[in-house]
Amino acid sequence: MTTHTTRMLILGSGPAGLSAAIYGARAGMKPIVIQGIQPGGQLTTTTDVENYPGFADVIQGPWLMEQMQAQAAQVGTTLLWDTIVEVDLTRRPFRLVGDGGDTYRGDVLVIATGAQARWLGLESEEALKGKGVSACATCDGFFYRGKKVAVIGGGNTAVEEALYLTNHSPDVTLIHRRDSLRAERILQERLFAHPGVTVLWNKEVRRFVDGGGKAGLVALELEDTVTGATSRLDTDGGFVAIGHHPATELFRGHLDLDRDGYVAVTPGTTNTSVPGVFACGDVADKIYRQAVTAAGTGCMAALDAERFLQAAEFEEMAVAAE
């Protein structure tokens, strides 16, 4: 069993965690990044990335994360593989324990554990992810310019995704398993008023239909939740929009979370309910959920952490001088 000690401890290795590490290392905090079960975060499962600033040509998500990891290591970050199973945020330095028994201590903690999209759980869905099936219209809608697309869901996320897709597609279908939406009233009004959106009520997706070869998704097989009748909807893209799971179970009872389970932060900062603990990226952001915004809040977390440590050290010096 080993104890790892650092001024800045970062949990999570997606764009948010690695950006925090880069800024933290350049500030001399010698950060340790605990990479978790999916080093690199969600971008490691993303193929074509066209909307990350600085790259004129399409880049690959895994490659982008490899570059971020290399940059973080080059400026002085230690990247370790472990899964944290226990946290103690009652006093500084904060203490985390890995599943193998290693202990991690940090004067500040940056939480960048991210969130995962909820999926329908269909075998055909898994097979066609990235081949016509997506969980992010903002990320992938551009690829469906002028094509037919469908959005599955009935909450705010689904309605927002459907409205966003009308910027690219003249034919957007929203599929909901009930006869009314859960989305906010104002969003519903915008949806129903849009001429490019059709709503299919009381329908569930039973299968994403593969066209074979390079075709990818070509249709959805639907089942009526009232009558049981089946039907087919031809489409080029299927967007699953039934919410996200923030990776915050480890922090329940230790930090304030909002009603959806995201880490609550002070607006305009990455400060959590525990001084010295900061949250960035999708674990605290349920609105934007983009790699570039995650990276931005990672930068914010590092700057907030640096200022916190400076203030804490000044107070300690003042007390020692009394």
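Visitor: How many aromatic pairs does the structure hold?
Guide: Keep in mind that this is a predicted model. Rings of Phe, Tyr and Trp pair if their centres lie within 6.5 Å. By that rule, the number of aromatic pairs in the structure is five.

Visitor: Is the pair of Phe-55 and Trp-63 stacked, tilted or edge-to-face?
Guide: Let's look at the rings: their centres are 5.7 Å apart, and the planes of Phe-55 and Trp-63 stand at 85°. Planes over 60 degrees apart count as edge-to-face. So the pair of Phe-55 and Trp-63 is edge-to-face.

Visitor: And what about Phe-192 and Trp-201, are they stacked, tilted or edge-to-face?
Guide: Here the ring centres of Phe-192 and Trp-201 are 6.2 Å apart, with the planes at 55°. Stacked needs planes under 30 degrees apart and edge-to-face needs over 60. That makes the pair of Phe-192 and Trp-201 tilted.

Visitor: Which ring does the charged end of Arg-145 sit over?
Guide: A charge over a ring turns up at Lys-129, whose charged end sits 4.1 Å from the centre of the Trp-119 ring. For Arg-145, the distance to the ring centre is 4.0 Å. The ring under the charged end of Arg-145 belongs to Phe-142.

Visitor: Which residue's backbone nitrogen does the side chain of Asp-224 reach?
Guide: Start with the setting: Asp-224 is in strand 15, residues 217-224. Asp-224 counts as buried, at 13% relative accessibility, and touches Asn-202, Lys-203 and Ala-229, leaving aside residues up to four places away in sequence. Its side chain comes to 3.0 Å from a backbone nitrogen, that of Thr-227.

Visitor: Where does Asn-202 lie?
Guide: Asn-202 is one of the residues that Asp-224 touches. Asn-202 has a positive phi of about 55° although it is not a glycine, and it counts as buried at 18% relative accessibility. Its place is the loop between strand 13 (197-200) and strand 14 (203-210).

Visitor: Is the disulfide of Cys-136 and Cys-139 right-handed or left-handed?
Guide: A disulfide is a covalent bond between the sulfur atoms of two cysteines. The structure holds one, and the sulfur atoms of Cys-136 and Cys-139 are 2.2 Å apart. The torsion about their S-S bond is about 70°, so the disulfide is right-handed.

Visitor: Which cysteine sulfur is nearest to that of Cys-280?
Guide: Cys-280 is buried, with a relative accessible area of 1%. Cys-280 is in no disulfide, as the nearest cysteine sulfur is 10 Å away, while a disulfide needs sulfur atoms within 2.5 Å. That nearest sulfur belongs to Cys-299.

Visitor: Which residue does a cis peptide bond join to Arg-92?
Guide: The omega of this bond is about -5°.

Visitor: Is Arg-289 buried or exposed?
Guide: Arg-289 is found in the loop between strand 19 (277-279) and helix 7 (291-321), and has a positive phi of about 50° although it is not a glycine. Buried means under 20% relative accessible area. With 17%, Arg-289 is buried.

Notes:
Residues numbered from 1 in each chain as written. Predicted model: local features only at pLDDT ≥ 70, side-chain atom pairs only at ≥ 80, totals over all residues. Heavy atoms only, no water. Phe/Tyr/Trp six-rings, centres within 6.5 Å; stacked < 30°, edge-to-face > 60°. Lys NZ or Arg CZ within 6 Å of the ring centre and 35° of its normal. Helix = DSSP H or I, 4+ residues; strand = E, 2+ residues; numbered from the N terminus. Buried < 20%, exposed > 50% of the residue type's maximum accessible area, 1.4 Å probe, protein only. Polar contact = N/O pair within 3.5 Å; in protein donor to acceptor, adjacent residues only side chain to side chain. Contact = heavy atoms within 4.5 Å.
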